[in-house]
Amino acid sequence: MAGYAGQFLRVNLSTGQIDKEKLDLELAVKFIGGRGLASYFLMQEIEPDVDPLSPANKIIFATGPLTGSTAPTGGRYMVVTKSPLSGTVASSNSGGFWGAELKRAGYDFIIVEGKSDKPCYLHVNDGSVEIRDAANCWGKLVSETTELLLQEASDPKARVLTIGPAGEKQALLANVMNDVYRAAGRSGVGAVMGSKNLKAIVVRGRGKLKPARDDESKTVLKSVLKKISENEVTSKGLPTYGTSVLVNVINESGIYPTNNFQESYFPTADKTSGETLAEKYLVKNTACFGCPIACGRYSKVGDVEGEGPEYETIWAYGATCGVDDLEAIIKANKWCNEYGLDTISAGATIACAMELHQKGLIDPDEADGPALEFGSGEAIVEWTKKMGACEGFGAKLALGSARLAEQYGEPELSMSVKKLELPAYDPRGVQGHGLQYATSNRGGCHVRGYMIAPEIVGLPEKLDPLSLEGKAVWVKAFQDLTAVIDSLGICLFTSFALSADDYKDLFNAIVGQDLTTEELWKTGDRIWNLERLFNLKAGVGPDQDRLPRRLVSEPIPSGPAKGNVHRLPELLPEYYKERGWNEQGLPTEEKLAELAIA
Amino acid sequence: MVVEVRLFASFREGRFKEKELELPEGSSLGDLLARLEIAQKDAKITIVNGSAVSAEHKLADKDVIAIFPPIAGG
């Protein structure tokens, strides 16, 4: 069974039982792997309305069929579970090296069930799998934990996935970190690990992975590598400046949310841009497993150093908190990585708290730290540490902006969809991207269908960002293709250079199938509908396909995109129709039968 | 007419970050790119007063023009 390892681990932390189960190839191909297949397992094995932080929830660490292969960027894995932040299905995606190592150890997935009665970690060394005591590293930061576990493994080539103190304390913004700096960031997946007393998973794999069709695979790889090396974004823009090269283009387009989306243009954005990062703080580029792009940044400010910050992080701690101090942003990013917090949600929640403070709704005595003033570099750094440790008012922030804003009687001041904080693009100036935010199966997310590519940077072609025409079609296509790419186990950034045909060719050559491009698109549609079904059963229905009130009713007050609101009510019916759903936004029986997930 | 020109990423190398330039009346974005010695095919994202425009776009006094090479991220 090429591409797939052919088996997965099932670990029950309540009983200590560890099983190795065979993967059904037909089922795997039907959902590709990774996000798609793991979502299927989750749907089959838990009640969608389960309490996400109870032992009845499961958490799946899933690779795709291209993870660990020779396909470029084949280092991705996903953490799939029910999100404690949004109540939706969560599929949080990360790079680095851990995913490829798991595949080489001989497993496509690890399904973790139940709850350990004391802190533990999982040690996977090829065929040997053990649940070990984590007393030594419980309470430790991510870098300390990684170092300790590598010492215990006595193998410097082992790879460590871990939560930080935030995950242990079940902060709803907690992420899962791997290889010290890479994050399965969104949806609070780290809190689910914490709820199970599972601190980490150490993996060492020595297996060799071979494609099903050697000659065909070489031809396809040569072709896709050529496209990546000839594409100006993947060969020049991303390697030279990293993701934060976007700061200026998004700001100049007038869609760079500032001060918790009260404005959409940040006059001093360039002080925090990729250009400035490269000029002042960049030490070196970094790359994940098998990646020819190397968009990662390693930066240093005084004695604070590490990977990042990425574009979204720079925005979440920068413009939307009104902060143009890049050194403070680098430090806040570092503390997020050490405590194991999602940088987007953490920064955006501080921004929400700053607006609540601005409106006089938070008692200064209650907020036991630096004043929550827009523009304060000290506030973003210190509050991040308090959130990570769940100390004092930081514990409230660590539950996310939706719960925070609701507590102070202003739920619409949380700039979130389905309780997941929105990332770094104001949808009032990018109509397709806003539709994608509102309909994303995991909530306010940019990487479920990155409409910024056509609407702002002109890839694969330039669309008018303010026009509604054809946007529902584009959003559906981007969402479906993204579901495919995630499930394959490679990086979304390849899509700047590659097409659906390329992904089909990679899959067929490595797995040994004869899927058509049309079938690949249909698989993306199937995964999307499966996730939608999970959410419906979990109680997150079409009424949650919405945007914060500010974005649909308050025009952007100034800057290049002044005067625009998001026109979601006009777009949503067209989107439902394009999806083959009924007018209420529910998948029809015919649609589900067509996708064979009825 | 006087316009404000902002250059980004690799276009800053050997040029400038931000500058006011005087242009002949009726100048197009393409004329500006030629003056800056930036090939039209390399200027993948060109924004005038917040809206993406093409090389044929006629510039006006006090326009703010942002010029980017091919970039993306997210």
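**View 1. In chain A, β7(A) and strand β12 (residues 198-204) pair in the parallel sense over 6 bridges.** Strands pair here if DSSP finds at least two bridges between them. A strand is a DSSP run of E with at least two residues, a helix is a run of H or I with at least four residues, and both are numbered from the N terminus. A:H123 stands opposite A:V202 in β12(A). This is a predicted model, in which local features need pLDDT of at least 70, side-chain atom pairs count only at pLDDT 80 or more, and totals for chains, interfaces and linings use all residues. Residues are numbered from 1 along each chain as its sequence is written, and chains are lettered from A and ligands numbered from 1 in the order in which they are written.

**View 2. Strand β7 (residues 120-125) of chain A runs antiparallel to strand β8 (residues 128-133) of chain A, joined by 6 bridges.** The two strands form a hairpin with 2 residues between them. In the turn, A:D126 has a positive phi of about 50°. A:H123 stands opposite A:E130 in β8(A).

**View 3. In chain A, 23 residues of domain 2 are in contact with 28 residues of domain 3.** Contact means that the C-beta atoms of two residues, placed from the backbone, lie within 7 Å. On the domain 2 side, α9 (246-252), β16 (416-417) and β17 (420-421) of chain A each give two or more residues. α9(A) gives the most, with 3 residues. The residues of this side divide into 12 nonpolar, 5 polar and 6 charged. Nonpolar covers Ala, Val, Leu, Ile, Met, Phe, Trp, Tyr, Cys and Pro; charged covers Asp, Glu, Lys and Arg; the others, Gly among them, count as polar.
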